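Trainee: Here is a model I would like to go through with you. Can we start with the aromatic rings?

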Amino acid sequence: MVAPLVLPLAQCHDASLAGGKAVGLARVLKAGLKVPPGCCLTTCAYRTALEAIGFSPVERWRRAIQLQGNDRQRELEDCRQMILRADTTHLRHHLRQTFGEGTGRDQRWAVRSSATNEDMVRVSYAGLYRTELGLPWDEIGRGIAAVWISVWNARVIEYMMKIGTVEAPPAMAVIIQPMLDAALAGVAYSVDPVTGRSDH
């Protein structure tokens, strides 16, 4: 069975395909809480785009982690510039089919990272990957590319080295949602108030 390029958020159950953030949103939806409608460009879309430009994530990642300092920075910049050449036109076509008439001129979009190692129980990768907010429809492709290249950053490698999981590169899925005119927004981190466990 061929892996899908696009999944509705409610069907994002496999972190290797949809990334940690999309899987978390699927759980929230299943619990009956409100989530802005959206979808996920899967890691299959990411890998297919890289393959089309002759980019080998594993080979380039291994090269980057063996370098240090400015040499690593140059290698990663070369990776980012190469990925920016990937064609996202067909992906926008798939997304337009998903959102239909909702892609009008006045609608703005959130393009969010959902890496395969993101929003896990023990590590969050908070702030390491890119989010693009308020994009018009004709800039969705640019937003997708910006999220993809955020994997190829020295601070991601350094964080992964610190937690001891740097051997393989993460793959990047991308969440696309309409922007909301929010009255309030926030983030809270806590622990289980009864047991004190930090993984609940």
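**Aromatic pairs and burial**

Mentor: There are 4 aromatic pairs in the structure. This is a predicted model, where local features need pLDDT of at least 70, side-chain atom pairs count only at pLDDT 80 or more, and totals for chains, interfaces and linings use all residues. Residues are numbered from 1 along each chain as its sequence is written, and side-chain values use heavy atoms, with hydrogens and water left out.

Trainee: What makes Trp61 and Trp152 an edge-to-face pair?

Mentor: Rings of Phe, Tyr and Trp (its six-membered ring) pair if their centres lie within 6.5 Å; planes under 30 degrees apart are stacked, over 60 edge-to-face, the rest tilted. Trp61 and Trp152 lie 5.5 Å centre to centre, with 80 degrees between the planes. Trp61 sits in helix α3 (residues 57-66) and Trp152 in the loop between α6 (140-149) and α7 (154-163), 91 residues apart. Helices (H or I, at least four residues) and strands (E, at least two) are DSSP runs, numbered from the N terminus.

Trainee: Why is Trp61 called buried?

Mentor: Buried means under 20% relative accessible area, exposed over 50%, partly exposed in between (1.4 Å probe, protein chains only). Trp61 has 0% relative accessibility, so Trp61 is buried. Trp152 also has 0%, so Trp152 is buried.

Trainee: Why is the pair of Trp109 and Trp137 edge-to-face?

Mentor: Their ring centres are 5.3 Å apart and the planes stand at 65 degrees, so the pair is edge-to-face. Trp109 is in strand β3 and Trp137 in the loop between β4 and α6, 28 residues apart. Both Trp109 and Trp137 are buried.

Trainee: Which residues do ring pairs link into a cluster?

Mentor: Phe55, Trp61 and Trp152.
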